[in-house]
Amino acid sequence: MFRMGSTMIPVANRSRVIPARLLGTAVEGGRPVELLLLRPVGDGRWESLVQPGRRCRVGARVELAGGAARAWIVGEAASGARVVEIEAPWPVRELLERHGLPPLPPYIARHDAPKPEDRERYQTVYARDDGSVAAPTAGLHFT
């Protein structure tokens with residue numbers, strides 16, 4: 001429940017936005033690559049949106065975290081998202097905490113360079129449990 005004035009409003013989505021956006025470099029060609037990890041699908045594997053998708057087909061490799069971690073495109077989901085296998089010296093959740101960015105929508109001016117405080121600012125006031133890759137925008141005006 002969320003209190004708005006004297007009214008209690010039931011809240012169904014209490015999830016916090018995780019820093020699920022990883023910036024990297026394609027091993028072949030050195031081009032910038034962006035991964036938006038959507039959900040885990042197995043041990044070290046995540047369904048992910050990949051930019052640019054055309055150049056990151058199955059078999060492509062991406063360096064992350066300044067070369068400390070790597071990602072391989074190992075499959076394609078039915079939705080068109082990629083299945084990415086991540087190898088890092090930390091668990092994937094820790095990699096995201098250390099090197100991930102908040103997935104700000106492109107219409108926010110600092111989308112390309114979020115500030116550290118955006119990790120908290122891009123949350124709803126009722127966010128409790130980690131797990132979302134985007135804030136429920138209908139609830140942001142409560143913040």
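Is Arg45 buried, exposed or partly exposed, and what is its relative accessible area? I looked it up: Arg45 is partly exposed, at 34%. I use buried for under 20% relative accessible area, exposed for over 50%, and partly exposed for in between, with a 1.4 Å probe and protein chains only.

Notes on the source. I am working on a predicted model, in which local features need pLDDT of at least 70, side-chain atom pairs count only at pLDDT 80 or more, and totals for chains, interfaces and linings use all residues. Residues are numbered from 1 along each chain as its sequence is written, and side-chain values use heavy atoms, with hydrogens and water left out.

Entry on salt bridges. I counted a salt bridge where a side-chain nitrogen of Lys or Arg lies within 4 Å of a carboxyl oxygen of Asp or Glu. The structure holds six of them. Side chains of opposite charge can pair when their charged atoms come close.

I started with Arg45, whose side chain meets that of Glu85 in a salt bridge at 2.9 Å, N to O. Arg45 lies in strand E6 (residues 45–51) and Glu85 in strand E9 (residues 82–87), so the pair ties together parts that are 40 residues apart in sequence. Glu85 is partly exposed at 28% relative accessibility. For helices (H or I, at least four residues) and strands (E, at least two) I took DSSP runs, numbered from the N terminus.

I then checked Glu34, which forms a salt bridge with Arg21; their closest N and O atoms are 3.0 Å apart. Glu34 is in strand E5 (residues 32–42) and Arg21 in strand E4 (residues 21–26), 13 residues apart, and the pair links distant parts of the chain. I noted Arg21 as buried at 3% relative accessibility, whereas Glu34 is partly exposed at 22%.

I also found Arg70 and Glu63 joined by a salt bridge at 3.2 Å, N to O. Arg70 is partly exposed at 26%, and Glu63 is partly exposed at 32%.

Entry on the backbone. I found a cis peptide bond between Gln51 and Pro52, with omega about -10 degrees. Pro52 sits in the loop between E6 and strand E7 (61–64). I also noted Ala65, a residue other than glycine with a positive phi, near 50 degrees. Ala65 is in the loop between E7 and strand E8 (69–76), and is buried at 17%.

Entry on helix H1. Which residues of H1 (residues 92–99) are buried? I listed Val92, Leu95 and Leu96. They cover an arc of only 100 degrees around the axis, which puts them on the same side of H1. I took the arc from the directions from the helix axis to the C-beta atoms.
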